[in-house]
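The following exercises concern a predicted model. Each task is followed by a solution in steps.

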Amino acid sequence: MSTAIYSHPDCRLHDMGEGHPECPQRLDAIHDYLLATGLEAALDVRSAPLARLESLALAHESHYVAELKDLLEQVAASGEPRALDPDTVAGPGTWRAALRAAGAAVAATDAVIAGEIDNAFCAVRPPGHHATRGETMGFCFFNNVAVAARHALDVHGLTRVAIVDFDVHHGNGTEDIIAGDERVLMLSIFQHPLYPYSGAVPLGTNMCNLPIPPYTRGGEVREMIEAMWMPRLEEFRPQMIFISAGFDGHREDDLGQLGLVEADYEWITQRIKSAADRHAKGRIVSCLEGGYALDALARSVAVHLRVLAEL
Ligand SMILES: [Zn+2]
(Lines give C-alpha, C1' and ligand atoms only; values in the text may rest on other atoms or scores of the structure.)
Protein backbone atom coordinates (compact mmCIF):
# COMPACT_ATOMS: atom_id res chain seq x y z
CA MET A 1 0.00 0.00 0.00
CA SER A 2 1.17 3.54 -0.58
CA THR A 3 -0.23 6.09 1.79
CA ALA A 4 0.44 9.79 1.44
CA ILE A 5 0.44 12.38 4.19
CA TYR A 6 -0.35 15.92 3.06
CA SER A 7 0.59 18.93 5.15
CA HIS A 8 2.19 22.36 4.85
CA PRO A 9 4.09 24.74 7.16
CA ASP A 10 1.41 27.40 6.45
CA CYS A 11 -1.04 25.31 8.50
CA ARG A 12 1.03 26.19 11.60
CA LEU A 13 0.66 29.93 10.98
CA HIS A 14 -3.05 29.96 11.81
CA ASP A 15 -3.06 30.94 15.48
CA MET A 16 -6.23 31.64 17.45
CA GLY A 17 -4.37 32.96 20.50
CA GLU A 18 -2.77 31.90 23.75
CA GLY A 19 -4.47 28.90 25.35
CA HIS A 20 -6.77 28.08 22.43
CA PRO A 21 -7.02 24.27 22.15
CA GLU A 22 -6.95 24.32 18.32
CA CYS A 23 -3.29 25.33 18.30
CA PRO A 24 -0.31 24.93 15.94
CA GLN A 25 1.32 22.53 18.42
CA ARG A 26 -1.24 19.90 17.38
CA LEU A 27 0.56 19.46 14.07
CA ASP A 28 3.97 19.52 15.76
CA ALA A 29 2.89 16.71 18.08
CA ILE A 30 1.77 14.58 15.14
CA HIS A 31 4.88 15.32 13.09
CA ASP A 32 7.29 14.68 15.97
CA TYR A 33 5.62 11.39 16.84
CA LEU A 34 5.60 10.12 13.26
CA LEU A 35 9.26 11.03 12.95
CA ALA A 36 10.26 9.46 16.27
CA THR A 37 8.44 6.21 15.54
CA GLY A 38 9.87 5.94 12.04
CA LEU A 39 6.37 5.95 10.59
CA GLU A 40 6.93 9.07 8.52
CA ALA A 41 9.69 7.32 6.57
CA ALA A 42 7.16 4.74 5.38
CA LEU A 43 4.76 7.39 4.06
CA ASP A 44 4.69 9.43 0.88
CA VAL A 45 5.12 12.92 2.35
CA ARG A 46 3.48 15.54 0.15
CA SER A 47 3.09 19.31 0.29
CA ALA A 48 -0.45 20.66 0.33
CA PRO A 49 -1.21 23.16 -2.44
CA LEU A 50 -3.47 26.20 -2.00
CA ALA A 51 -7.10 25.41 -2.81
CA ARG A 52 -8.65 27.21 -5.76
CA LEU A 53 -11.71 29.33 -5.07
CA GLU A 54 -13.74 27.26 -7.57
CA SER A 55 -13.07 24.18 -5.45
CA LEU A 56 -14.30 25.91 -2.29
CA ALA A 57 -17.47 26.97 -4.12
CA LEU A 58 -18.35 23.31 -4.71
CA ALA A 59 -19.37 23.12 -1.03
CA HIS A 60 -19.87 26.76 -0.03
CA GLU A 61 -21.99 29.65 -1.29
CA SER A 62 -19.93 31.73 -3.73
CA HIS A 63 -20.58 34.95 -1.82
CA TYR A 64 -19.38 33.27 1.39
CA VAL A 65 -16.10 32.28 -0.28
CA ALA A 66 -15.65 35.81 -1.67
CA GLU A 67 -16.54 37.56 1.60
CA LEU A 68 -14.34 35.28 3.72
CA LYS A 69 -11.45 35.82 1.28
CA ASP A 70 -11.82 39.62 1.62
CA LEU A 71 -12.06 39.44 5.38
CA LEU A 72 -9.13 37.05 5.89
CA GLU A 73 -6.96 39.00 3.45
CA GLN A 74 -7.74 42.19 5.40
CA VAL A 75 -6.76 40.45 8.64
CA ALA A 76 -3.55 39.21 7.00
CA ALA A 77 -2.71 42.72 5.76
CA SER A 78 -3.50 44.48 9.04
CA GLY A 79 -1.95 41.85 11.30
CA GLU A 80 -4.87 42.35 13.70
CA PRO A 81 -6.72 39.14 14.74
CA ARG A 82 -10.49 39.22 14.53
CA ALA A 83 -13.00 36.96 16.31
CA LEU A 84 -15.58 35.63 13.86
CA ASP A 85 -17.61 33.81 16.52
CA PRO A 86 -16.93 33.00 20.19
CA ASP A 87 -14.72 29.99 19.26
CA THR A 88 -13.23 31.01 15.93
CA VAL A 89 -10.55 33.66 15.55
CA ALA A 90 -8.95 34.76 12.29
CA GLY A 91 -5.31 35.82 12.46
CA PRO A 92 -2.75 36.93 9.88
CA GLY A 93 -1.93 33.32 8.89
CA THR A 94 -5.50 32.06 8.67
CA TRP A 95 -6.22 32.67 4.99
CA ARG A 96 -3.26 30.68 3.69
CA ALA A 97 -3.71 27.93 6.29
CA ALA A 98 -7.38 27.53 5.35
CA LEU A 99 -6.47 27.33 1.66
CA ARG A 100 -3.77 24.74 2.38
CA ALA A 101 -6.18 22.64 4.47
CA ALA A 102 -8.82 22.49 1.74
CA GLY A 103 -6.12 22.26 -0.93
CA ALA A 104 -4.66 19.19 0.77
CA ALA A 105 -8.01 17.42 0.68
CA VAL A 106 -8.55 18.23 -3.00
CA ALA A 107 -5.00 17.27 -4.02
CA ALA A 108 -5.24 14.02 -2.06
CA THR A 109 -8.50 13.25 -3.85
CA ASP A 110 -6.88 13.87 -7.23
CA ALA A 111 -3.89 11.66 -6.39
CA VAL A 112 -6.01 8.79 -5.05
CA ILE A 113 -8.36 8.85 -8.04
CA ALA A 114 -5.39 9.00 -10.43
CA GLY A 115 -4.00 5.88 -8.73
CA GLU A 116 -0.73 7.59 -7.72
CA ILE A 117 -1.39 6.55 -4.12
CA ASP A 118 -3.84 4.17 -2.47
CA ASN A 119 -5.06 6.51 0.24
CA ALA A 120 -4.08 9.69 2.06
CA PHE A 121 -4.22 11.48 5.38
CA CYS A 122 -4.27 15.28 5.50
CA ALA A 123 -2.49 16.56 8.63
CA VAL A 124 -3.94 20.04 8.33
CA ARG A 125 -5.60 22.82 10.26
CA PRO A 126 -7.93 24.65 10.51
CA PRO A 127 -10.36 21.74 10.68
CA GLY A 128 -13.56 21.86 8.62
CA HIS A 129 -16.58 19.87 9.69
CA HIS A 130 -18.43 22.69 11.51
CA ALA A 131 -18.16 25.10 8.56
CA THR A 132 -21.59 25.28 6.90
CA ARG A 133 -22.43 26.40 3.37
CA GLY A 134 -22.34 30.01 4.50
CA GLU A 135 -20.83 30.32 7.98
CA THR A 136 -17.60 29.83 9.89
CA MET A 137 -18.14 27.95 13.12
CA GLY A 138 -16.38 25.98 15.85
CA PHE A 139 -12.72 26.53 14.76
CA CYS A 140 -13.68 25.87 11.09
CA PHE A 141 -13.54 28.13 8.00
CA PHE A 142 -13.88 25.88 4.94
CA ASN A 143 -15.30 22.38 5.08
CA ASN A 144 -12.27 20.46 3.81
CA VAL A 145 -13.97 17.07 3.60
CA ALA A 146 -17.15 18.35 1.95
CA VAL A 147 -15.09 20.29 -0.61
CA ALA A 148 -13.09 17.15 -1.44
CA ALA A 149 -16.18 14.93 -1.64
CA ARG A 150 -17.89 17.36 -4.03
CA HIS A 151 -14.65 17.56 -6.04
CA ALA A 152 -14.71 13.77 -6.44
CA LEU A 153 -18.33 13.92 -7.60
CA ASP A 154 -18.48 17.10 -9.67
CA VAL A 155 -14.98 17.19 -11.16
CA HIS A 156 -14.04 13.49 -11.37
CA GLY A 157 -17.54 12.22 -12.10
CA LEU A 158 -17.87 9.69 -9.29
CA THR A 159 -21.50 8.99 -8.48
CA ARG A 160 -21.40 7.62 -4.90
CA VAL A 161 -19.07 8.71 -2.10
CA ALA A 162 -19.30 8.19 1.65
CA ILE A 163 -18.24 10.59 4.39
CA VAL A 164 -17.44 9.03 7.75
CA ASP A 165 -17.11 11.39 10.73
CA PHE A 166 -15.91 10.03 14.09
CA ASP A 167 -15.02 13.36 15.72
CA VAL A 168 -16.56 13.71 19.21
CA HIS A 169 -18.58 16.69 17.95
CA HIS A 170 -21.40 16.45 15.43
CA GLY A 171 -20.26 17.50 11.93
CA ASN A 172 -23.11 19.93 11.51
CA GLY A 173 -21.39 21.84 8.71
CA THR A 174 -20.91 18.75 6.58
CA GLU A 175 -24.51 17.73 7.22
CA ASP A 176 -25.71 21.22 6.23
CA ILE A 177 -23.80 20.96 2.94
CA ILE A 178 -24.63 17.41 1.89
CA ALA A 179 -28.05 16.62 3.44
CA GLY A 180 -30.30 15.67 0.54
CA ASP A 181 -27.39 15.09 -1.87
CA GLU A 182 -28.14 11.42 -2.52
CA ARG A 183 -24.73 10.90 -4.14
CA VAL A 184 -23.27 11.11 -0.63
CA LEU A 185 -23.85 8.85 2.36
CA MET A 186 -22.76 10.46 5.63
CA LEU A 187 -22.09 8.27 8.65
CA SER A 188 -21.34 9.97 11.93
CA ILE A 189 -21.00 9.16 15.61
CA PHE A 190 -20.70 11.89 18.21
CA GLN A 191 -21.30 12.69 21.85
CA HIS A 192 -24.74 14.17 22.49
CA PRO A 193 -25.55 16.53 24.01
CA LEU A 194 -22.33 18.40 23.27
CA TYR A 195 -21.36 21.32 21.05
CA PRO A 196 -22.89 22.12 18.53
CA TYR A 197 -25.95 20.35 20.05
CA SER A 198 -27.26 19.26 16.64
CA GLY A 199 -27.51 15.90 14.91
CA ALA A 200 -30.04 14.06 17.06
CA VAL A 201 -32.53 14.37 14.19
CA PRO A 202 -30.79 13.82 10.82
CA LEU A 203 -31.49 16.45 8.15
CA GLY A 204 -31.71 13.95 5.28
CA THR A 205 -32.19 10.29 4.46
CA ASN A 206 -28.56 10.17 3.29
CA MET A 207 -27.43 10.63 6.91
CA CYS A 208 -26.79 7.98 9.51
CA ASN A 209 -26.27 9.88 12.77
CA LEU A 210 -25.37 8.05 15.97
CA PRO A 211 -25.64 10.40 18.95
CA ILE A 212 -24.13 8.75 22.04
CA PRO A 213 -24.12 9.84 25.70
CA PRO A 214 -21.03 11.04 27.59
CA TYR A 215 -18.80 8.30 29.04
CA THR A 216 -19.65 5.81 26.29
CA ARG A 217 -16.67 3.48 25.88
CA GLY A 218 -15.11 1.76 22.92
CA GLY A 219 -16.97 -1.54 23.15
CA GLU A 220 -20.35 0.10 22.79
CA VAL A 221 -19.10 2.40 20.04
CA ARG A 222 -17.84 -0.62 18.09
CA GLU A 223 -21.15 -2.45 18.48
CA MET A 224 -23.08 0.55 17.20
CA ILE A 225 -20.78 1.07 14.24
CA GLU A 226 -21.00 -2.60 13.30
CA ALA A 227 -24.80 -2.62 13.57
CA MET A 228 -25.61 0.78 12.08
CA TRP A 229 -22.81 1.94 9.78
CA MET A 230 -21.60 -1.24 8.16
CA PRO A 231 -24.93 -2.35 6.61
CA ARG A 232 -25.45 1.16 5.19
CA LEU A 233 -21.95 1.13 3.67
CA GLU A 234 -22.48 -2.32 2.17
CA GLU A 235 -25.77 -1.27 0.64
CA PHE A 236 -24.45 2.08 -0.66
CA ARG A 237 -21.24 0.67 -2.20
CA PRO A 238 -19.28 3.95 -2.16
CA GLN A 239 -16.71 4.50 -4.90
CA MET A 240 -14.57 6.48 -2.47
CA ILE A 241 -14.62 7.17 1.27
CA PHE A 242 -13.76 10.44 2.99
CA ILE A 243 -13.03 10.52 6.70
CA SER A 244 -13.50 13.43 9.07
CA ALA A 245 -10.88 12.10 11.45
CA GLY A 246 -11.35 13.81 14.79
CA PHE A 247 -9.57 12.24 17.75
CA ASP A 248 -11.24 14.30 20.49
CA GLY A 249 -13.33 11.31 21.58
CA HIS A 250 -10.15 9.96 23.17
CA ARG A 251 -10.36 9.22 26.89
CA GLU A 252 -7.56 11.75 27.56
CA ASP A 253 -9.25 14.58 25.62
CA ASP A 254 -11.06 17.17 27.76
CA LEU A 255 -13.16 18.66 24.97
CA GLY A 256 -15.41 15.61 25.07
CA GLN A 257 -16.27 12.91 27.59
CA LEU A 258 -16.05 9.73 25.51
CA GLY A 259 -13.84 6.81 26.50
CA LEU A 260 -12.13 5.91 23.22
CA VAL A 261 -8.50 4.77 23.11
CA GLU A 262 -6.03 4.12 20.28
CA ALA A 263 -7.25 0.52 19.83
CA ASP A 264 -10.74 1.87 19.10
CA TYR A 265 -9.45 4.25 16.43
CA GLU A 266 -7.49 1.36 14.97
CA TRP A 267 -10.63 -0.79 14.84
CA ILE A 268 -12.80 1.97 13.35
CA THR A 269 -10.20 2.66 10.66
CA GLN A 270 -10.00 -1.06 9.85
CA ARG A 271 -13.77 -1.29 9.41
CA ILE A 272 -13.82 1.76 7.12
CA LYS A 273 -10.85 0.41 5.19
CA SER A 274 -12.48 -3.00 4.75
CA ALA A 275 -15.49 -1.34 3.13
CA ALA A 276 -13.22 0.79 0.93
CA ASP A 277 -11.32 -2.33 -0.14
CA ARG A 278 -14.55 -4.14 -1.05
CA HIS A 279 -16.31 -1.33 -2.89
CA ALA A 280 -14.01 1.60 -3.57
CA LYS A 281 -10.70 0.11 -4.80
CA GLY A 282 -9.37 1.07 -1.36
CA ARG A 283 -9.79 4.79 -2.09
CA ILE A 284 -9.78 6.80 1.16
CA VAL A 285 -8.98 10.43 1.89
CA SER A 286 -8.88 11.20 5.60
CA CYS A 287 -8.69 14.74 7.00
CA LEU A 288 -7.76 15.76 10.51
CA GLU A 289 -10.59 17.42 12.43
CA GLY A 290 -10.39 17.63 16.25
CA GLY A 291 -8.05 16.11 18.83
CA TYR A 292 -6.65 18.39 21.52
CA ALA A 293 -4.80 16.19 24.02
CA LEU A 294 -1.52 16.37 22.17
CA ASP A 295 0.02 13.01 23.15
CA ALA A 296 -3.21 11.10 22.64
CA LEU A 297 -3.74 12.89 19.32
CA ALA A 298 -0.31 11.89 18.03
CA ARG A 299 -0.68 8.25 19.11
CA SER A 300 -4.18 8.03 17.63
CA VAL A 301 -3.14 9.53 14.28
CA ALA A 302 -0.28 7.01 14.19
CA VAL A 303 -2.57 3.98 14.58
CA HIS A 304 -4.96 5.46 12.02
CA LEU A 305 -2.06 5.79 9.56
CA ARG A 306 -0.72 2.30 10.32
CA VAL A 307 -4.06 0.82 9.31
CA LEU A 308 -4.31 2.96 6.18
CA ALA A 309 -0.76 2.03 5.14
CA GLU A 310 -1.04 -1.61 6.29
CA LEU A 311 2.08 -1.23 8.43
ZN1 LIG B 1 -14.36 17.90 17.59
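**Exercise 1. The largest pocket**

What volume does the largest pocket have? Identify also the residues and elements that form its lining.

*Solution.* Step 1: the volume of the largest pocket is about 270 Å³. Secondary structure elements contributing two or more residues to the lining of this pocket are β1 (3-7), α1 (25-36) and β2.
Step 1: the greatest contribution to the lining comes from α1, with five residues.
Step 2: the lining comprises 15 residues, and those nearest the centre of the pocket are Ser 7, His 8, Leu 27, His 31 and Glu 40.

**Exercise 2. The setting of Ser 47**

Is Ser 47 buried or exposed? Locate Ser 47 in the secondary structure and list the residues that Ser 47 touches.

*Solution.* Step 1: Ser 47 belongs to strand β2, which spans residues 44-47.
Step 1: the relative accessible area of Ser 47 is 52%. The cut-off for exposed is over 50%, so Ser 47 is exposed.
Step 2: leaving aside residues up to four places away in sequence, Ser 47 has contacts with Tyr 6, Ser 7 and His 8. Ser 7 and His 8 are also among the residues nearest the centre of the largest pocket.
Step 3: a separation of 9.9 Å lies between the C-alpha atoms of Ser 47 and Cys 122, which are 75 residues apart along the chain.

**Exercise 3. The zinc site**

Which protein donors does the zinc ion have, and why is their arrangement irregular?

*Solution.* Step 1: the donors are two OD entries of Asp 167, ND1 of His 169 and OD of Asp 248, at 2.0 to 2.8 Å from the zinc ion.
Step 1: the spacing of the donor residues in sequence is D-x1-H-x78-D.
Step 2: a tetrahedral assignment requires all angles to lie between 85 and 135 degrees. The arrangement is irregular because the four donor atoms subtend angles of 51 to 152° around the zinc ion.
Step 3: Asp 167 is buried, at a relative accessible area of 1%, and His 169 is buried as well, at 8%.

**Exercise 4. The largest cavity**

How many cavities of 30 Å³ or more does the structure hold? Describe the lining of the largest cavity.

*Solution.* Step 1: there is one cavity of 30 Å³ or more, and the largest cavity contains about 40 Å³ of space.
Step 1: its lining includes the zinc donor residue Asp 167, together with Phe 166, Val 168 and Gly 249, among others.
Step 2: the lining residues divide into seven nonpolar, one polar and one charged.

How values were computed:
Residues are numbered from 1 along each chain as its sequence is written. This is a predicted model: local features need pLDDT of at least 70, side-chain atom pairs count only at pLDDT 80 or more; totals for chains, interfaces and linings use all residues. Side-chain values use heavy atoms; hydrogens and water are left out. Helices (H or I, at least four residues) and strands (E, at least two) are DSSP runs, numbered from the N terminus. Buried means under 20% relative accessible area, exposed over 50%, partly exposed in between (1.4 Å probe, protein chains only). Contact means heavy atoms within 4.5 Å. Donors are N, O and S atoms within 2.8 Å of the metal (3.2 Å for Na, K and Ca); water is not among the atoms, so sites may look incomplete. Four donors count as tetrahedral if all angles lie between 85 and 135 degrees; four count as square planar and six as octahedral if opposite donors are over 155 degrees apart and all others between 65 and 115; anything else is irregular. On a 1 Å grid over the protein atoms alone, a cavity is a set of points where a 1.4 Å probe fits but cannot get out, and a pocket is an open set with protein on both sides within 12 Å along at least five of seven lines; lining residues have an atom within 4 Å of a point. Grid points are joined across faces, edges and corners, and a volume is the space filled by probe spheres set on the points. Ala, Val, Leu, Ile, Met, Phe, Trp, Tyr, Cys and Pro count as nonpolar, Asp, Glu, Lys and Arg as charged, and the others, Gly among them, as polar.
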